[in-house]
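Student: I have a model open and would like to go through it with you. Could we begin with the overall layout and then move to the details?

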Amino acid sequence: MGINAVFEALSHPVRRKVLALLKASPMSAGDLAGHFDLSKPTLSVHFSKLKQAELVAVERQGTSLIYHLNTSILEEALAGLLSLKDQAR
């Protein structure tokens, strides 16, 4: 996981909303799509960015893809930011 990929993924409001939704519980791609007025290909790009940054994990259940929030990556990103702040002092 590259920290740049995490920050790039977090830079878009749609991806931040996906993470906020997943904070409550894992959701299928279809359930997540119901929260957005975006095309499936557009959402797929956002999901892909989140997967590349390892902010979400995906498992297949039958024909559905279930997305889970990967909180450990968020914690690592936050720790990285805090260490930058400490280095600046």
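**Overview of the fold**

Tutor: The secondary structure of the protein chain comes to 5 helices and 3 strands. Please keep in mind that this is a predicted model.

Student: In what pattern do they follow along the sequence?

Tutor: Reading along the sequence, the protein chain runs α-α-β-α-α-β-β-α.

Student: And what does the C-alpha trace span along its principal axes?

Tutor: The C-alpha trace of the protein chain spans about 50 × 25 × 20 Å along those axes.

Student: What percentage of the residues count as buried?

Tutor: Of the 89 residues in the protein chain, 26% count as buried. The protein chain exposes about 5600 Å², and carbon and sulfur atoms supply 55% of that area.

Student: For contacts between residues at least 6 apart in sequence, what share joins residues at least 24 apart?

Tutor: That share is 52% in the protein chain.

Student: On to the sheet. In what order do the strands lie?

Tutor: The 3 strands form an open sheet in the order S1-S3-S2, with antiparallel pairing. Strands S1 (27-28) and S2 (56-61) stand at the edges and have a single partner strand each, so one side of each is left without a neighbour in the sheet.

Student: How many bridges join S2 and S3?

Tutor: S2 pairs with strand S3 (residues 64-69) in the antiparallel sense over 6 bridges. Within that pairing, Gln61 has Ser64 in S3 as its bridge partner. S2 and S3 also form a hairpin with 2 residues between them.

Student: Which residue in the turn has a positive phi?

Tutor: Gly62 in the turn has a positive phi of about 65 degrees.

Student: How many bridges do S1 and S3 share?

Tutor: S1 and S3 pair in the antiparallel sense over 2 bridges. Met27 stands opposite Tyr67 in S3.

Student: Which helix lies across these strands?

Tutor: Helix H2 (residues 13-24) lies across S1, S2 and S3, and runs at about 90 degrees to S3.

Student: Changing topic: how many salt bridges does the structure hold?

Tutor: The structure holds 1 salt bridge. The side chains of Lys49 and Glu8 meet in it, at 2.5 Å from N to O. The pair links distant parts of the chain, with Lys49 in helix H4 and Glu8 in helix H1, 41 residues apart.

Student: How do Lys49 and Glu8 count in terms of accessibility?

Tutor: Lys49 counts as partly exposed at 27% relative accessibility. Glu8 is likewise partly exposed, with a relative accessible area of 41%.

Student: What about Ala5, where does that residue lie?

Tutor: Ala5 lies in helix H1. With a relative accessible area of 29%, Ala5 is partly exposed. The C-alpha atoms of Ala5 and Lys51 are separated by 9.8 Å, although the two residues are 46 apart along the chain.

Student: I also selected His46. Is that residue buried or exposed?

Tutor: His46 is buried, because its relative accessible area is 7% and buried means under 20%. His46 is found in helix H4 (residues 40-52).

Student: Leaving aside neighbours within four places in sequence, which residues is His46 in contact with?

Tutor: With those neighbours left aside, His46 is in contact with His12, Val14, Arg15 and Leu38.

Student: Last topic, the surface. Which residues form the nonpolar patch?

Tutor: The nonpolar patch on the surface is formed by Ile3, Phe7, Leu78, Leu81, Leu82 and Leu84, which together have about 520 Å² of accessible area.

Definitions and conventions
Residues are numbered from 1 along each chain as its sequence is written. This is a predicted model: local features need pLDDT of at least 70, side-chain atom pairs count only at pLDDT 80 or more; totals for chains, interfaces and linings use all residues. Side-chain values use heavy atoms; hydrogens and water are left out. Two strands pair if DSSP finds at least two bridges between them. Helices (H or I, at least four residues) and strands (E, at least two) are DSSP runs, numbered from the N terminus. Contact means heavy atoms within 4.5 Å. Axes are lines fitted to C-alpha atoms, for helices over the stretch in contact, and angles run from 0 to 180 degrees between N-to-C directions. Patches are made of residues with over 30% relative accessible area and no salt bridge: like charges are joined within 9 Å, nonpolar side chains (Val, Leu, Ile, Met, Phe, Trp, Tyr) within 5 Å. Accessible areas come from the Shrake-Rupley method with a 1.4 Å probe; for residues, only the protein chains shown count as cover. A salt bridge is a side-chain nitrogen of Lys or Arg within 4 Å of a carboxyl oxygen of Asp or Glu. Buried means under 20% relative accessible area, exposed over 50%, partly exposed in between (1.4 Å probe, protein chains only).
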